[in-house]
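Please go through the charged pairs, the surface and the helix packing of the following chain in turn.

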Amino acid sequence: MSAPDPSSLGGQQSAAEATHGEDVAEGASLWGEAWRDLRRNPFFVLPVLVIAVLTVMAIWPQLFTDLVPRSCDLSRSADPPEAGHWFGFDRQGCDLYTRVVYSTRASLLIGLTVTLGAFAIALVLGSLSGYYGRWLDAVLGRIADVFFGIPLVIGAIVLLTAVVDRGVWQVSAVLTLLAWPPMFRLMRSTVLSARESDYVQAARALGAGNARVIIRHVIPNSIAPVIAYATVFMGVIIGAEATLTFLGAGLQLPALSWGVLLSSPPPRELLNTPHLLLFPSLFVSLTVLSFVLAGDTLRDALDPKLR
């Protein structure tokens with residue numbers, strides 16, 4: 001057997017490096033152009049600033065209030081807003097603003113946990129399904145269809161009512177179990193498109209293994225739409241948690257979230273104490289809107305067809 005020609009090996013190595021360099025440059029160019037567009041877009045900058053403030057509020061609530069959320073005075077039960085207590089008091093006589101601030105952590109944590117969990121599932125299963133296709137794609141697709149057929153809120157109500165202690169992690173696990181199929185479908189479709197690209201074919205021709213092709217070439221060029229969708233998805237999950245808790249199937253006391261605050265006043269009292277519903281719902285709406293706007297503008301910026 002003759003020894004391989006060093007010049008041919010060098011040529012193959014140079015071609016591989018050039019292919020990978022073009023791949024990286026294309027990805028870097030896409031993200032670089034997207035960032036230049038996004039930082040000048042007020043529909044991205046303002047929502048991101050709101051999200052940043054909410055994140056700081058969730059991590060360090062003491063920066064926003066000096067009061068303790070469980071320090072209550074029943075004599076102030078459901079009192080309306082006044083100077084020094086801008087959101088008024090809840091039914092237990094607790095300062096509502098303080099409770100809204102401290103509720104930010106659980107609401108954002110559930111949204112982040114479910115989004116990361118669904119993203120991880122979609123990244124792995126979507127990449128495998130889209131790249132290998134055939135029987136694996138059929139099996140994973142049918143499994144996703146089963147979960148697709150279960151409405152998120154109704155399915156979560158059924159599963160969560162069987163859970164005795166419903167905390168942040170229990171609610172997050174149930175929502176992750178039910179909410180991953182849309183992100184999986186998106187990842188699969190982008191991988192299907194990427195696997196037929198020239199740089200993937202070149203990597204295969206140069207002897208790159210499937211794992212290397214998926215990790216180094218397919219995923220980096222398929223993940224942008226999924227990241228944009230995940231941003232919108234987090235806002236949807238925060239709204240879903242508030243809805244479930246309002247319906248009595250989400251978080252339970254002593255946990256604090258915006259959904260818990262929304263579920264505390266009986267419906268018959270809302271006309272007399274509208275502030276109990278108004279301020280927590282404003283925070284939910286502002287948060288969901290911020291994530292949706294940020295995700296929409298991020299998706300548009302990362303879509304080459306819109307350039």
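**Salt bridges, a surface patch and a helix pair**

At 15% relative accessibility, Asp 137 counts as buried, because buried means under 20% relative accessible area, with exposed over 50% and partly exposed in between (1.4 Å probe, protein chains only). The model is predicted: local features need pLDDT of at least 70, side-chain atom pairs count only at pLDDT 80 or more, and totals for chains, interfaces and linings use all residues. Residues are numbered from 1 along each chain as its sequence is written, and side-chain values use heavy atoms, leaving out hydrogens and water.

Asp 137 forms a salt bridge with Arg 188, and the closest N and O atoms are 2.6 Å apart. This pair links distant parts of the chain, since Asp 137 lies in helix H4 (residues 134–148) and Arg 188 in helix H7 (residues 181–194), 51 residues apart. Helices here are DSSP runs (H or I, at least four residues), numbered from the N terminus. Arg 188 is partly exposed, with a relative accessible area of 24%.

Side chains of opposite charge can pair when their charged atoms come close. The term salt bridge is used for a side-chain nitrogen of Lys or Arg within 4 Å of a carboxyl oxygen of Asp or Glu. By this rule the count comes to 8 salt bridges. One of them joins the side chains of Asp 90 and Arg 99 at 2.8 Å, N to O; both of these residues are buried. Asp 79 pairs with Arg 76, with the closest N and O atoms 2.7 Å apart, and Arg 76 is partly exposed at a relative accessible area of 23%. Arg 76, Asp 79 and Glu 82 are linked in a network of salt bridges.

Next comes the surface. Val 56, Ile 59, Trp 60 and Leu 63 form a nonpolar patch there, with about 400 Å² of accessible area together. Members of such a patch have over 30% relative accessible area and no salt bridge, and nonpolar side chains (Val, Leu, Ile, Met, Phe, Trp, Tyr) are joined within 5 Å. The areas come from the Shrake-Rupley method with a 1.4 Å probe. Trp 60 sits in the loop between helix H2 (42–59) and helix H3 (96–132) and is partly exposed, with a relative accessible area of 48%.

How do helices H5 and H6 pack? Helix H5 (residues 152–160) and helix H6 (residues 168–179) pack at an angle of about 135°, with their axes 10 Å apart. That makes H5 oblique to H6, because angles under 35 degrees count as roughly parallel, over 145 as roughly antiparallel, 65 to 115 as roughly perpendicular and the rest as oblique. Axes are lines fitted to C-alpha atoms, for helices over the stretch in contact, and angles run from 0 to 180 degrees between N-to-C directions.

Note on methods: Helix = DSSP H or I, 4+ residues; strand = E, 2+ residues; numbered from the N terminus. Patch = residues over 30% accessible without salt bridge, like charges linked within 9 Å, V, L, I, M, F, W, Y side chains within 5 Å.
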